[in-house]
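Subject: Structure for your files

Hello,

Here is the structure for you to look through. My notes on it follow below.

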There are 2 protein chains.
Amino acid sequence: MKARVFVTLKAGVLDPQGKAIQHALEGLGFGGVNDVRAGKLIELDLADGTSNADIEAMCQKLLANTVIENYRIDTVS
Amino acid sequence: MKARVFVTLKAGVLDPQGKAIQHALEGLGFGGVNDVRAGKLIELDLADGTSNADIEAMCQKLLANTVIENYRIDTVS
C-alpha cells in the first residue's frame, strides 16, 4: 500500500523558504501572489496491512516536528 | 484562491533524502517500509482569477525542475 504524508508549517510559524519563493515569483513577473508556504510531501511504500496507527506513529516520531508542523495522511491502497 | 503544487522526483531519480527517511524509520523499529520518496508541497495563496496556465508557468519556471521532477497542481477556490 502507498501512503502520502503532507507536512506543513503551522500557522504563525515563519516560513523563510515560502517567502523566498514568493519573492522569486514576483521577480519573474507573476502578480497576485499573496502568500506562499513551503511544506513537505513524503510518499511511503508500505507493506500491505500497515495500520493507520503505525503511519500516525511514524509522523509523530520522525516525519513531522509536531511543535511547529502539522501533518495529514492520505492512504492509497 | 488557493493552489497546492506537489513536486515529486521522477521515477529513476535517486532520492537520498527518501532513503535516509526509510533507514531512520527502520531504525525506529517500523517494519515493512519498502520505499520512501521525499517531495515538496508548495501552497500558494493567489489572487482570484489566476489562471491555471499561470500556475503551470510558475511550476515550469521556478517551482519544479522539470528535468528531474514532476509536478501536480491542485486548485482550491
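**Helix α2 of chain B**

Helix α2 of chain B (residues 52–63) spans only 14 Å between its end C-alpha atoms, whereas a straight helix of twelve residues would span 16 Å at 1.5 Å a residue. Helices here are DSSP runs of H or I of at least four residues, strands are runs of E of at least two, and both are numbered from the N terminus. The expected span is 1.5 Å times one less than the number of residues in the helix.

This is a predicted model, in which local features need pLDDT of at least 70 and side-chain atom pairs count only at pLDDT 80 or more, while totals for chains, interfaces and linings use all residues. Residues are numbered from 1 along each chain as its sequence is written, chains are lettered from A and ligands numbered from 1 in the order in which they are written, and side-chain values use heavy atoms, with hydrogens and water left out.

I55(B), M58(B), C59(B) and L63(B) of α2(B) are buried (under 20% relative accessible area; exposed is over 50% and partly exposed is in between, with a 1.4 Å probe and protein chains only). They lie on the same side of α2(B), because the arc they cover around the axis is only 100 degrees, taken from the directions from the helix axis to the C-beta atoms. A53(B) and K61(B), on the other side of α2(B), are exposed. The buried residues of α2(B) pack against α1 (16–27) and β2 (33–46) of chain A, and against β1 (2–9), β2 (33–46) and β3 (69–76) of chain B. Contact means heavy atoms within 4.5 Å.

**Helix α1 of chain B**

α1(B) also has twelve residues, and its reach of 16 Å from first C-alpha to last is close to the 16 Å expected at 1.5 Å a residue. Its buried residues are G18(B), I21(B), Q22(B) and L25(B). These cover an arc of only 100 degrees around the axis, so they sit on the same side of α1(B). P16(B) and G27(B) are exposed on the other side. The buried residues of α1(B) pack against β2 and α2 of chain A and against β2 of chain B. After α1(B) comes G29(B), with a positive phi near 95 degrees.

**How the two chains relate**

Chain B superposes on chain A by a rotation of 180 degrees with 0.0 Å of shift along its axis (RMSD 0.0 Å). That is the relation of a two-fold axis. Of the residues of chain B, K40(B) comes closest to the rotation axis, with its C-alpha at 2.3 Å.

**Nonpolar cores**

The largest nonpolar core has 19 residues, and V5(A), I42(A), L44(A), L46(A), M58(A), L63(A) and L25(B) have the most contacts inside it. Such a core is a set of buried Ala, Val, Leu, Ile, Met, Phe, Trp, Tyr and Cys residues joined through side-chain atoms within 4.5 Å. α2(A) gives the largest share of this core, four residues. A second, separate core of 18 residues includes I42(B), L44(B), M58(B) and C59(B).

**Cysteines**

The search of the whole structure finds zero disulfides over all chains, a disulfide being a pair of cysteine sulfur atoms within 2.5 Å. C59(A) is buried, at 0% relative accessible area, and C59(B) is buried at 0%.

Regards

Conventions: Copies are superposed by least squares on the C-alpha atoms of residues with pLDDT of at least 70 in both.
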